Structures are given as C-alpha cells and as structure tokens.
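Subject: Structure handover

Hello,

Here is the structure for your files. My notes on what was found follow below.

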Amino acid sequence: MSVPAGVNGAGPPTGAKPHPSGDNRFKILEATMKKHQHQPDALIEVLHTAQELFGYLENDLLLHIAHSLKLPLSRVYGVATFYHFFSLKPKGKHTCVICMGTACYVKGAANLLAAIEQETGIHSGETTPDGAISLLTARCLGACGIAPANVYDGSVAGNQSTDDVLNRVKEWRNNDNIATK
Amino acid sequence: MITSPLNEVVEKETAAAKPKCLRCCVAAGCLSSGSLAVKQSLQASVTEAGLQDEVHVKGVGCMGLCSQGPLVQADPDKVLYTGVTAESAPTIVSALQGAKVDLPTTDLNHPFFTLQRPIVLENSGRIDPERIEEYLVANGYQALYAAVRDMTPKDVVDAITSSGLRGRGGAGYPTGLKWALVAKTPSHQKYIVCNADEGDPGAFMDRSVLESDPHRVLEGMALAGYAVGATQGFIYVRGEYPLAISRLQTAIKQARRLGVLGSQIFESGFDFKIDLRIGAGAFVCGEETALMASIEGKRGIPRVRPPYPAESGLWGQPTLINNVETFANVAPIIRNGPDWFSSIGTGKSKGTKVFALAGKITNTGLIEVPMGTPLSTIVEVMGGGTPDGSAIKAVQTGGPSGGCIPAHKLDTPVDYESLASIGSIMGSGGMIVMDADNNMVDVARYFMEFCMEESCGKCIPCRAGTVQIHRILTKIHEGKAGQEDIETLEQLCEMVKSASLCGLGQSAPNPVLSTLRYFREDYTALLPKASEVTV
C-alpha cells in the first residue's frame, strides 16, 4: 500500500485536489482513484466509476481524471472513445437497448430496431431531442436462449416482438406525460 | 477423499442437508424471465407449508434449457418444471408433498440431457454459485489442495500436457505447451490471465460458467499459477455481464476468507491473488495482446507477435492467458488424472466442448458433449431441429471468425481439425442454426458489418478491407452488383485474410468465404439477369 494521503504532510498526489465544484460525486471518484493508488493503469476502472456516477463522461470530467492520474488528456480521451461502453453524451431518461447478437439477428432483431427507429425518429446511439429516450444496440447480451432480447431501463426482456417494443415506448411516454401533469 | 482443513466446512454442510430440494435457476436467461420472483414464491410456499426443515429452496446456475425458463428442478423426484411462474410455484411445493399436479415439465430422458457429458458444467445447475460451501461439497478446491501439498509445479504442467487439453477459446493451442513455456521463462513476476471477454455474438458459454460455478474458474487459475510460478491473476470479464461480475466478486471474497486464495495457501509457500478487470465493450479485446493492453488501461489495440505473452505479456512479464472454459477443465483433470480426461473425445481433440445452441432451433440452450460428436446429433437429435419443422439450411459456428456449415455437411464431427477442414472453426462454441428464411448474403453482411465496426484500425488490410468487403456485399444484397464484383470480393477476402495483423482481420472474411463456397446460389440469385444488364 502507498502512504495514505495526508501522512507526512505530503498531501494527496498532485492534481488530486478536490474538484472546485464541490460536487460530492467527485469525492467518490477520488476514493476509487486512491484505491488504485492513482496508477495510470487504472484508467478504465476509473472511467467505469465516473460513468456510473455521472451518467456520461463530459470533457470537464475527462480533464479532471487526466490530471488526477497524471495522464495526457489525449490518452484519456483516446481510451474513452475507443470503448463502446463509455458515452461522451448524456443519456435520455429511458434507455432501450436492442440486442443485435447473431441469435437475435436471425430471429428478427433488425425489424425491432427499424420499428423503434421509425417510432422515435432517432437512430441507434442517439437520444430523442426532448431527452426522453436513448436508443442503443448491443453486440450480444448473452441471453440467446430468449432471443430476440432487449434491455429496457436496465432490465432484460426476452422473446420480443415489434409490438412489445412499441408498447414499451408508448408506456414510457404516457407515464412521463402523467408525471409532468 | 483427501483430508484437508476444509473438511470441517464440508461436514457441516453435509450434515445440514435437507432430504428434499427445489433448485431454481438464477442464471441470466431465467432471471430475465422472472426466476427471482419464482424463487421467492417457492420459499414462501415452503415456509407456509411448514416444510422448511425438509425442503431446501436454492438458487442455482444454468440448467441448460434456457428457452423454456424459468426452470425449477425438484429433488429427489427428478422432475424439471419449465416456464414456472410465481403463481405456479406453490403447486410445485404441493407436488413435492405427493399431490398430483398438472404443470409443464420436460422429459429428462430426452437426448438433450442424456447425450451430454458434463465436465465443465458438472456443477452447473446443481450448486448455489454464491456459496463456496456447496462448491467444496462438490469436491471443490481438492485439486488445488492435492497440487500444492503433493505435487511439484512440473507435475501439474505434465498432467495438463498429457491430458491433451487444448485451448477452448478458438484456436485450440495445446494448453500444456503454453503452460510449460511460461513455466520455463525466468522472471520474478508472472501473471495468469483469464480471458472472459466472450465477444462472439451468439455465444454464452463463458457467461454461464461464470454465473453458475465461478469457483471452478478460480481454482483452475490458482492451479495454473502454482504450475507456472505466478502469484497474481486477472479475470478480464465483459462489462455486458453484470451478473457474472457480481458472482465473481462474491466468489473471490469467499475464497480469500477461507484461505484458498491469498498468501500461503493450504499452509504451503504458494501465494495467489485474483483481481477482476471489467471490459468496456470492444470485441478486439478478445485477442490476447489487445486484452493485455486493456488490462494496462490502454486502448485495446493488438501488437505484433512474437514476442508471445508467454515471454513478454502484461507489463512485459511472462503471462499465461487461457479462456474461461480452459481453466474450468483444469481442476477435474488434476482431480481425476490426465488419463481419465484423454479417454474422452477424439485422437487430437480431447475432452468435451460446451456449445451454446441458438437461432432457429427448438431446444435453445447450453450443452456439453464429448469432442467428435457429429453436428447433426447436436442440432437435430439434441436440439430438436427447427421449431417449425422446416429444414435446417446452415449451422454457423465460431461467430464472426467462423463459417456457415451447410446441411449436407452436418455429419461432420465437432473437433478442431474437422471443423477447420470445412471452412469453419470451433471458435468459442456459439452455434447458430439458420433456416431457409435466412439469406446467406445478408448473414455474411451482418458479420462483416460487425468486424468493420470492431476493427481497431491499426492495420490497413483490416481497417480498409472490411469496409470494402462490406460495401460489395451491400451492393450484391441490393441487386446492383455484377459477376466481376463476386470475383473482386473473393480476392479482397484472401488479401484481408493473409495480410491482417491479428486474428480479428485474419478471420473476418471467413463468413463470406464459407457462404461463397456453400451457398453461392444465394449470391448469384441476387445478380441482375444477363438480359437486364445494359451494356
């Protein structure tokens, strides 16, 4: 273990200053970086935590991580954009992930995607202008036994039809309308 | 049975066993069909009937028949209930008390079950993956105990070598050779890496093993660590598998608590620690050098080999990389001896292979069969053919790196060499069945789109070649191509195959080449008729 921050009066490693915004989530992020002793190798773990906390990785956040891990911003940005899991744009209130794995594909996942694209007017990877729904595709959820499978707001649903997908979108819209009223 | 300090735990666990048991599948497939509610309902009904001392309700891993979930098996009655709901769960409890009930069940004497030979999946669906005690009762960690107490590291390497085990990740490299190479490379620090980045779409064997029996993988890795002289292991697992990640975290914690991982394991001089690394969604990270770059926190970009990871891997140190299923085979080999293992399978492919059956097939799910089982036995006899009884057109193995096998080649036995000889690969074990509705040009285009988007962009043949192949396939699919395009397509495929840097590019043309070989009529049917071509 490295010397805990603050011991010997050295303070935390340079750059690990508390974020000026005072946002509490930065403290949790800092704890993760400390757990990995601010090693540059921990970049992917840190990005995972950051995305979990903030929902997406905005530039300011990437800058903060780069400073804290003493990495060039290009490296942090390069990693964040290389992996599909990281999102640099905010997600919508609801997310619908269409699994495009082979098993789902041969059972008509492309039709599900086309239906929801037409209904929402957005493509995979985009969010509706009102920020209500994000549409994503997955490489394979590994739920091939119940293909075609989708993920609605984090929960997997199997044996989906185009009606199932469209009903879910309608349900979200109706509920949100009631909530705003 | 070997006496180990863990026997106390085993005795306590055996003494607490109840005469009857309801096993409810809580792996990802059944969970998404609502098996957690089923388990709660079963537990509530058992308590309500006052049977809590007699009936044990437990969550277990995958029972194989994923398409008919949620599944509940009643012991010792040997009844497998299918499509169980929270509402029908109380009826299962009354059936356990002898009541005649009318619930959907499945025939456990169906070839789907009887033709299987479980080694990797021996505990899957039987034990609670979140309790190390149950793994110990199922002879868990005994191989590790025997190895660190009574065997030299060389003995362990020799046992793996003579068992004939080959890598289950796709290429089929002899596992013993790899271990021996890492063992003999001198270094003060070596690493063990478990490749759990199961990226092939349509494959879910590794997910299932990790969710159903995580300790088996940890034990295999610890044995590998002892054999090659490594003290640190990493499991690189897909971010898309949250359940597998949480079960692994639980398993690692439990193993440390009982001292089967950590320092001075079983009071020997052997230390071994395992950490998880969560992938972030890049198919290329299944390639070993890209995977190591990713563990080091970098972009997952492959590099030229040699040097192979066995000489220079993670942080430049000797590193042993095997996939989940390979590690899952290690403990049984040490426990039962290499001869036992090599008596299963064919001349060059020993042991068993787990396959994920999916697509247009009646019994979707997970099976484990001896190497050399004919494809037709797997998809027709065990899988039950297509749901609507129509003819099977092709079976796709090996995902985006594999090929489409036509119906007339289904008598091919599944082993590394036979599958390669018909233009496909064993791959990690995904098996997708297709029928006449699936156009092979569309299938080839689907896989090429996948490879095109997943290409890391480092080498030109793969980066640009996959784009061009995809473009030609789209042109053919839209009926705008001519005969010369098919010729260009073939040339381009050969070029990408021979000139790409890593396995992704080298195997990306396989789906195109195999469909061109066996389903050329699907391509030519899309070419405009000669009379329509304006000169």
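In which loop of chain A is the place of A:Pro148? A:Pro148 sits in the loop between strand S2 (133-138) and strand S3 (150-152) of chain A, where helices (H or I, at least four residues) and strands (E, at least two) are DSSP runs numbered from the N terminus. The peptide bond that leads from A:Ala147 into A:Pro148 is cis, with omega near -10 degrees.

Before the rest, some conventions. This is a predicted model, in which local features need pLDDT of at least 70 and side-chain atom pairs count only at pLDDT 80 or more, while totals for chains, interfaces and linings use all residues. Residues are numbered from 1 along each chain as its sequence is written, chains are lettered from A and ligands numbered from 1 in the order in which they are written, and side-chain values use heavy atoms, with hydrogens and water left out.

Backbone of chain B

The bond from B:Asp75 to B:Pro76 is cis, with omega near 0 degrees. B:Pro76 is in the loop between strand S3 (72-75) and strand S4 (79-81) of chain B. B:Phe266 is not a glycine, yet has a positive phi of about 50 degrees; B:Phe266 lies in the loop between helix H12 (242-257) and S8 of chain B.

Interface of chains A and B

Contact (heavy atoms within 4.5 Å) joins 49 residues of chain B to 29 residues of chain A. The two chains bury about 3,200 Å² between them, 56% of it on carbon and sulfur atoms; buried area is the accessible area (1.4 Å probe) that two parts lose on being put together, summed over both. B:Ala280, B:Arg299 and B:Tyr446 supply 19% of the area that chain B buries against chain A, more than any other three residues.

Three salt bridges are found across the interface, each a side-chain nitrogen of Lys or Arg within 4 Å of a carboxyl oxygen of Asp or Glu. B:Glu453 forms a salt bridge with A:Arg139, with the closest N and O atoms 2.9 Å apart. Several elements of chain B each supply at least two residues of the side that touches chain A, among them strand S8 (273-278) and helix H18 (440-454). H18(B) gives the largest share of that side, six residues.

Cavities and a pocket

Five cavities of 30 Å³ or more are counted. On a 1 Å grid over the protein atoms alone, a cavity is a set of points where a 1.4 Å probe fits but cannot get out, and a pocket is an open set with protein on both sides within 12 Å along at least five of seven lines; lining residues have an atom within 4 Å of a point. Grid points are joined across faces, edges and corners, and a volume is the space filled by probe spheres set on the points.

The largest cavity holds about 80 Å³ of space. Its lining includes A:His84, A:Arg139, B:Arg238 and B:Phe450. The second largest cavity holds about 70 Å³, and its lining includes B:Cys456, B:Cys459, B:Cys462 and B:Cys502.

The second largest pocket has a volume of about 1,300 Å³. Of the 44 residues that line this pocket, B:Gly169, B:Gly170, B:Ala171, B:Gly286 and B:Glu287 lie nearest its centre. S9(B) gives the largest share of the pocket lining, five residues.

Regards
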